[in-house]
Amino acid sequence: MRGSFGLMHYWAKIGLLLLMLTMLGCNTLKKVEDNELLLTKNSIYADDEKITDEDIRSLIAQKPNSSVLGYPLRLNLYNLAKDNPDSSFTDWLHRKEKREKRLNNLLSQKQVNRLRESFVVKGASEFLKRIGEPPSVIDTSLTQKTVDRLQAYYNSKGYFNNTGSFDIVESKRKKRAGIEYKINLEKPFMVDTVVTNITSPELDSIYNKTAEQSFVKEGDQFDLLNFNNERERLTILFRNSGVYNFQESSINYDILRDTTLAADDQLMDVQLNIQKPRSTNDSTAQSPYRIHRFKKINVFADYQITGSQDSLNTLEYGNYTIYYNNKLRYRPKALTDAIFFQKDSIYRDLDRIRTYRQITNLNTFKYPNIEFIPDSTQAQLITNIYLAPRPKFSLNLDFDVTHSNIQQVGTVFGATVITRNVFGGAETLNISARGSIGLLKNPSLSDETFTSELGGDINITFPRIWFPLNTERIIPYYMLPQSRFLVGTNFQRNLGLDRQTFNTVLSYNWTPSLSLKNNIELMNVEFVRNVNPDNFYNEYRNTFNNLDGIADQFDTDPQYADFFESVDDATDPFRLSIPNGANGFVQAVLNNEIPVSQDDFDEVNSIEERRQRLTENNLIFASNYTFTKNSRTDINDNDFYQLRVKLESAGNLLSALEDVVPYNKNDDGQLLVFGVPFSQYIKTELDYIRHWELSDTDVLAFRSFFGLAVPYGNSKSVPFVRSYFAGGSNDNRAWNPYELGPGSTDNINDFNEANLKIAMNLEYRFPIAGDVKGALFADAGNIWNVFDNEDNPDAVFNDFNSLADIALGTGLGLRYDFTYFVFRLDVGFKTYNPAEEWSKRWFRNYNLSDAVFNIGINYPF
């Protein structure tokens, strides 16, 4: 009955909300006059076939008011605004006798006018109008404009005889109507023959070699898009075949139709014209386009925009001439490796783009300027490359405010000193220091109120692959290769085990194209030292409570009194002391000095294994490779996909040296390096993101993730810092971080982690009002243990039946778009909770009191 009452209460609240929205719906027609119709729907029909293509529908000049899940929120907000706030102010001023007189005595007339202006301009009405939306009243001039656009569109597709019209279809509902646009296409025109008229013999030869790649082909239906694509193709072709000055405007088409054909014969002849370049001087006749080769390449390494270039020193290096002031600060090869022009080679626009990108990639010069000057033969080019150096040193300061599942609020501050061209090869050295301080959410996590971190690193970047072997054939410089060597450390205090981390990274990355990126971390060494392991049971309170619960049956026995301490708790006056009592009790149980049941013995053994794992120091000597493909063209592209694949291996090199290096071993037979057992595992991750643009404003976003880390050899489990967790603002938003899983377990540890993770997210994003956006989401996934030393069957992935443990969270979110970043608030509800009994897994905690609120910056995926 209790559950039924809760469900009835829940649906009653939904019903009340719907009633309120219905009442507000009566406000929809408030500002629609009697002789006007509110536009509710647009439909397009081409030869009686309904058109759903968003590109075609975008041609409609007048659209219905926007809605949020079918409700015209912005329209009703606009209707709430007063039409004449000035008269409202006047009515208020005269509503009571002597109010105006008292106001004039208190304020000057100028101040009263300012008050009136403020009421009008900055008042609630203007705010509602700004975030709202006026009613979309049918305007026949805009409707006819849409018909004209549709006819022009279908003209571009070869339907030159099409006709268009529109019908206004009034709704049964008061003062509402839809518009139906109808286009009669008639028979399309077809391309019969294609001929060329190319004034340059050299261009004619280039064209003929690639004529079969043309977008305009005989027998195809006329389509203006094909003609535009062909112009772009030819422009790129010619500019990459030596014609540095080719202009797309030199290409045009003549459309001819044989007048002897029958009237209903829709065939046309196409003539491609490529004319001479346009002259900048009408009195000078331009010669046809020619193929250009490089005669000389000059590099100005110390270019000053306002300085004189007359007294420069010169250096001949290969086929390049380098100009510089006083002393050349760069190794010549570092400069020439970034230039893709070669003497006597033909000009290619692709080489120009690659040169710009690689010089920018050096991070030593400002955006370069490249000049091409034809010589007297008009067939050879003199190229000047102007490189203006950036400052040798610069300082960056950072300050951020953070929020996490551990910190209620935190501040992060940092400073980075940047040194450019360190060794003369355009290397960049970054020396960074950072610190943070945060207010803890849960005081039980530490004896202190605040947590702090202090760290720093030295990072040097080389604009090439820094490797003993020559890799230029495999990874040429146009792929923007970079090598990075980093040494860093971090000290964390007043939280948990007070961790210290030391790490060293040697990595390489290169970008074959704008959509592809490769990254190899040849060496990623991380040493994690837990400074305060005795704080384990203070940090992991759930684990301690489980252990103390087992010990409760012995807390009054005098022979075990040393394990306990008295506390001010009437229900449990004695608890295990931390750390001596808890550690002593565990050892006594495992040594069979304290009689417990087999289940309790197994639980104590599991607790001790977890304590040893999380308090031991870690040495991770890993290598990994990451491949990323992203089809997104720019920040406004909402229809794209992104694929990331990562492979990581740790400990194999150290293990292979076992027969060479005399390692020490611990009691478990693990090999030790500096007294620490090194981790050995293999790890793989697959992350796929897909966005669909449903309309100009609505986006459907999907993400799937699979990750697996398998320990072997020198390890029985994956290090905590390399394991997976579930929950949080970028994962399953119905659970807090580390609270979901593993498997069907119910938050048995304070920080739940495992070595297998599956996650899927689906989010529908839509506008609400102005910069305020909304979202509906569904997050599914969980973590499990597999191929490690975990023996709890509820936490282990056994077979496909374990997929029943995939948790489902649903919810809604609000976003505010600040242009440069998005502030996000999401509310998640546990829709399917695998930690509950089978009969109680669905909608058990689907109420606001059990909801999880997440704050984030930018979109989760």
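Predicted model: local features only at pLDDT ≥ 70, side-chain atom pairs only at ≥ 80, totals over all residues.

Trainee: What percentage of the residues of the protein chain count as buried?

Mentor: A residue is called buried under 20% relative accessible area, exposed over 50%, and partly exposed in between, with a 1.4 Å probe and protein chains only. By that rule 43% of the 861 residues count as buried. As for area, which comes from the Shrake-Rupley method with a 1.4 Å probe, only the protein chains shown counting as cover for residues, the chain exposes about 46600 Å², and carbon and sulfur atoms supply 53% of it.

Trainee: Which residues make the nonpolar surface patch?

Mentor: Patches are made of residues with over 30% relative accessible area and no salt bridge, where like charges are joined within 9 Å and nonpolar side chains (Val, Leu, Ile, Met, Phe, Trp, Tyr) within 5 Å; a salt bridge is a side-chain nitrogen of Lys or Arg within 4 Å of a carboxyl oxygen of Asp or Glu. In this model a nonpolar patch of about 1100 Å² is made by Leu-814, Tyr-816, Phe-818, Tyr-820, Phe-821, Phe-823, Leu-825, Leu-848, Phe-853, Ile-855 and Ile-857. The elements that give two or more residues to this patch are β31 (807-817), β32 (822-832) and β34 (852-857), and the largest share, three residues, comes from β34. Ile-855 is in strand β34, and its relative accessibility of 44% is why Ile-855 counts as partly exposed.

Trainee: Is Thr-831 buried or exposed?

Mentor: Thr-831, in strand β32, is buried, because its relative accessible area is 4%. Contact means heavy atoms within 4.5 Å, and, leaving aside neighbours within four places in sequence, Thr-831 is in contact with Leu-808, Gly-809, Thr-810, Arg-841, Trp-842, Phe-843 and Tyr-846.

Trainee: How many aromatic pairs does the structure hold?

Mentor: Rings of Phe, Tyr and Trp (its six-membered ring) pair if their centres lie within 6.5 Å, and planes under 30 degrees apart count as stacked, over 60 as edge-to-face and the rest as tilted. The structure holds 44 aromatic pairs. In one of them, the rings of Phe-829 and Tyr-846 have centres 5.1 Å apart and planes at 35 degrees, so this pair is tilted. Because Phe-829 lies in strand β32 and Tyr-846 in the loop between β33 (842-845) and β34, the pair ties together parts that are 17 residues apart in sequence. Phe-829 counts as buried at 13% relative accessibility, whereas Tyr-846 counts as partly exposed at 21%.

Trainee: Where does the charged end of Arg-354 sit?

Mentor: A charge sits over a ring if NZ of Lys or CZ of Arg is within 6 Å of the ring centre and within 35 degrees of the ring normal. The charged end of Arg-354 sits over the ring of Tyr-478, 3.5 Å from its centre, and Arg-733 lies over the face of Phe-777, at 3.9 Å from the ring centre.

Conventions: Residues numbered from 1 in each chain as written. Heavy atoms only, no water. Helix = DSSP H or I, 4+ residues; strand = E, 2+ residues; numbered from the N terminus.
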